[in-house]
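Here are a few exercises for getting to know a new structure.

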Amino acid sequence: MGLVAGQTKADQPEPKLARRLGLFDATMLVMGGIIGSGIFVNSSVVARKVHTAPLILAVWVLGGAIALAAAFIWAELAASRPEVGGQYSYLREAFHPIVAFLYGWALLLVIQSGGMAAVSVVFARYFLELTNAPLHDSQIAILALAFLTVINCLGVRAGGTLQSFLMVLKIAAILALIFCGFFLAGRAAPAEIANATPPFSLGFFTLIGAGMVPVLFSYGGWQTSTFVAGEIRQPEKNLPRALLVGVIGVVCLYVAVALVCVLVLGADGLATTETPASDVMKFALGAAGGRAIAAGIAISALGFLSQGMLTAPRVYFAMAEDGLFFRSVAKLHPKTQVPILAIVLQGLLAIALAYWRRYDQILDYVVSVDFIFFGATAVCIFVFRRRDSASGSHRTGGIRVPGHPVTTALFVAACWLVVINTIYHNPENTLIGLGILSAGIPAFFFWRWRNSHAGRA
């Protein structure tokens with residue numbers, strides 16, 4: 001559309017984020033942020049920690065309960081404050097802009113970019129296993145990341161449609177695994193399934209704690225859906241619903257996968273394999289089952305990448321709007337109405353880490369950092385409720401955390417216990433992660449200084 005007579009480009013309104021995602025899209029984003037390729041292998045990691053079938057299932061159920069508590073916490077936050085950037089905006093409003101900036105800093109430099117680099121190589125390896133393409137896995141990873149960057153630059157509708165499509169395929173692959181495990185594969189010996197649970201003792205709780213670490217990692221990721229609150233229709237209603245429905249759906253899938261792996265492989269067999277899902281499918285369908293699950297893992301990994309490319313750039317967009325990042329990152333394309341530079345930045349950093357091939361070390365650095373922010377975000381509930389009560393306002397949108405403050409406090413404690421466990425087991429990597437996080441403090445003051453001087457110019 002051309003300019004109206006007498007109108008200049010300066011008179012035209014600035015483009016705004018377009019609300020083009022509905023409840024289904026938001027639910028697929030929640031599930032896609034949680035379910036990566038780990039669901040196909042993590043049951044064996046848990047089995048090596050807790051050793052018995054009852055405890056394997058118990059930690060997945062307990063982890064699901066914690067994830068559901070998190071869903072209610074984030075649902076209340078999303079209902080009361082449906083703002084662009086989600087978790088970033090909650091931290092900014094509850095505490096101080098520096099807390100939010102440090103979260104965005106860690107997300108950009110390590111958490112999101114490193115995670116996407118790692119998963120992109122997982123996708124590439126399974127893609128090559130299926131196709132025997134004459135390329136290196138890093139080349140496939142880079143091509144996949146570049147493709148998803150371009151798709152998301154075309155608009156939130158294009159990115160959302162691709163993400164929802166991949167998520168449906170991912171759910172279908174997991175349901176196929178569950179079906180084959182229950183109805184087509186054989187069963188482990190009864191003694192392998194019903195082996196004895198150790199008596200209650202300090203050692204028992206140590207086992208549970210060790211098993212909970214990979215489980216809580218597997219359930220993480222629900223928070224990324226809140227990043228796109230500015231592009232969801234009626235976010236105060238649809239985003240909380242999506243969080244609850246999506247997390248409940250993931251808990252059901254995860255517990256069912258763990259149950260299938262225990263029934264087919266037994267606790268000892270599960271602990272000794274590195275590829276439990278592949279083993280289950282091979283027992284059910286032979287070599288064809290192995291190829292089918294390889295395709296499912298590739299799709300799952302690609303879906304996780306698609307979700308990350310859609311959601312995370314909105315945090316950098318929000319940082320730039322706050323004057324805490326390059327102003328150009330806050331610019332929206334007039335046609336697609338998406339922050340193209342923020343998306344490209346995310347894609348380039350993930351590509352660089354995939355090419356560098358040291359992302360595994362980077363991920364170790366920030367495990368503790370990630371869960372520090374999970375706990376801090378849950379604390380926002382206490383801050384907002386006290387603040388709203390003092391002002392006489394009630395911005396809950398009809399969603400309240402059941403059992404608060406006890407359930408919220410327990411979730412915070414669970415997050416910070418993970419941090420303590422990580423510090424205990426990996427003190428060197430934790431210090432490096434905290435060092436990367438601390439480097440964001442001078443960066444924050446630089447951007448604030450730069451913004452204040454730009455305002456006076």
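**Exercise 1. Sort the lining of the second largest pocket by class, and list its residues.**

Step 1: the classes come out as six nonpolar, no polar and five charged residues. Here Ala, Val, Leu, Ile, Met, Phe, Trp, Tyr, Cys and Pro count as nonpolar, Asp, Glu, Lys and Arg as charged, and the others, Gly among them, as polar.

Step 2: the lining residues are Glu14, Pro15, Lys16, Phe317, Ala320, Glu321, Arg327, Ala330, Lys331, Leu332 and Pro334.

Step 3: this pocket holds about 260 Å³ of space. On a 1 Å grid over the protein atoms alone, a pocket is an open set with protein on both sides within 12 Å along at least five of seven lines, a cavity is a set of points where a 1.4 Å probe fits but cannot get out, and lining residues have an atom within 4 Å of a point. A volume is the space filled by probe spheres set on the points, which are joined across faces, edges and corners.

A note on the model: it is predicted, so local features need pLDDT of at least 70 and side-chain atom pairs count only at pLDDT 80 or more, while totals for chains, interfaces and linings use all residues. Residues are numbered from 1 along each chain as its sequence is written, and side-chain values use heavy atoms, with hydrogens and water left out.

**Exercise 2. Find which helices give two or more residues to the lining of the largest cavity.**

Step 1: the largest cavity has about 70 Å³ of space.

Step 2: the helices are H3 (53-80), H9 (202-219), H16 (367-391) and H17 (406-425). Helices (H or I, at least four residues) are DSSP runs, numbered from the N terminus.

Step 3: by class, the lining has ten nonpolar, two polar and no charged residues.

**Exercise 3. Is asparagine 132 buried or exposed?**

Step 1: locate asparagine 132 in the loop between H5 and H6.

Step 2: its phi is near 55°, a positive value in a residue other than glycine. Most residues other than glycine have a negative phi.

Step 3: asparagine 132 counts as exposed because its relative accessibility is 64%. The cut-offs are under 20% relative accessible area for buried, over 50% for exposed, and partly exposed in between (1.4 Å probe, protein chains only).

**Exercise 4. Find the residues that a cis peptide bond joins.**

Step 1: look at histidine 404 and proline 405, where omega is about 10°.
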